[in-house]
Each structure stands twice: as C-alpha cells, then as structure tokens.
Amino acid sequence: FLNDNLKEGVVIIDRAYHNVNYDFNFFNTIKITIIKFIYFFKFFDAEFSLIHNFVNFFVFFPLYVISISLIFIKKISLEDQNIIFFNILFIVSFSVFHALTWIDYDWRYRGVIVLPLFYNMTIFLKYFSIKLMNGKN
C-alpha cells in the first residue's frame, strides 16, 4: 500500500490533485517525502470552503509562527526551553513519520500536534506579558 502510493506520487490520500508525477528513484523519493513533510503543515486546501480556510489560517498560522519564534527568544528559563524543545521535537517527529507513511485526506493527524502548539503559545504569552510588564515599569 505505502510503496504503491509512493510509486504513484500520492502526497495526500484521496486528494489526487496533490499527486506528483515523477520517475520512481531514490532522489525523487526523497523529494516527494519533503513535499509530504511540507504538506503536513498545510492548513488550507482548494476543496475547503473559504470560511474553513479562513479559520484554519487564523488558528494555525499564529501557532506555527509562535512556535518557530520561541527558538529565537533568548531569556527563557531552562525548564521552558526543554518543554519547547520536546514540543518541537514531537511535532517534527510526528510530521516526519507521516511524510514517510501517509497523510490522510482530511488532515485528522494534525489534531495530535495542536496541544504542543498551544502549549508553546502559552509559554510565548508568558514571556510576552513579562516583557510588556517590565516595559511599563
């Protein structure tokens, strides 16, 4: 099943318009795996309604940006750094697993990464609020 999907260039199961035409070889297999990894984080789709895409944008885009920005914030406690590290490690590991296996047509798998993303957001808001409070004093 997985090998057949890979040979057919399937990026997302049951969404043929995402399929990729390619020659089945080692380098192109890596290429399609990278494409699948990127599509794991894709939160919009041509077949979704405008409202669905709009809501997904306002939920997932800030969560992704905040999680990435936490890597660059310097004054974070070691405990929070460890939490952020393991949250991001979990998200990347989970997405790599799906890039190597399959991505379901309705993106149910993404539900698993929502909790670590929101946890990262709470850490970000904690440090952002501390910065705001210190700026007022």
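Helices (H or I, at least four residues) are DSSP runs, numbered from the N terminus. The model is predicted: local features need pLDDT of at least 70, side-chain atom pairs count only at pLDDT 80 or more, and totals for chains, interfaces and linings use all residues. Residue numbers start from 1 along each chain as its sequence is written, and side-chain values use heavy atoms, with hydrogens and water left out.

**View A. Packing of helices α2 and α4.** Helix α2 (residues 26–40) packs on helix α4 (residues 78–100) at an angle of about 130 degrees, and their axes are 8 Å apart. Axes are lines fitted to C-alpha atoms over the stretch in contact, with angles from 0 to 180 degrees between N-to-C directions.

**View B. Residues between α2 and α4.** From α2, Thr33, Lys36, Phe37 and Phe40 meet Val92, Phe94, Ser95, Val96, His98, Ala99 and Leu100 of α4. The contact residues comprise 7 nonpolar, 3 polar and 1 charged. Nonpolar covers Ala, Val, Leu, Ile, Met, Phe, Trp, Tyr, Cys and Pro; charged covers Asp, Glu, Lys and Arg; the others, Gly among them, are polar.

**View C. The largest nonpolar core.** A nonpolar core is a set of buried (under 20% relative accessible area, 1.4 Å probe, protein chains only) Ala, Val, Leu, Ile, Met, Phe, Trp, Tyr and Cys residues joined through side-chain atoms within 4.5 Å. The largest has 18 residues, and those with the most contacts inside it are Phe40, Tyr64, Ile103, Trp107, Tyr109, Ile113 and Leu117. At least two residues come from each of α2, α3 (50–69), α4 and α5 (111–136); α3 gives the most, with 3 residues.

**View D. Surroundings of Leu117.** Leaving aside neighbours within four places in sequence, Leu117 is in contact (heavy atoms within 4.5 Å) with Leu63, Tyr64, Ser67 and Ile91.

How values were computed. Buried < 20%, exposed > 50% of the residue type's maximum accessible area, 1.4 Å probe, protein only.
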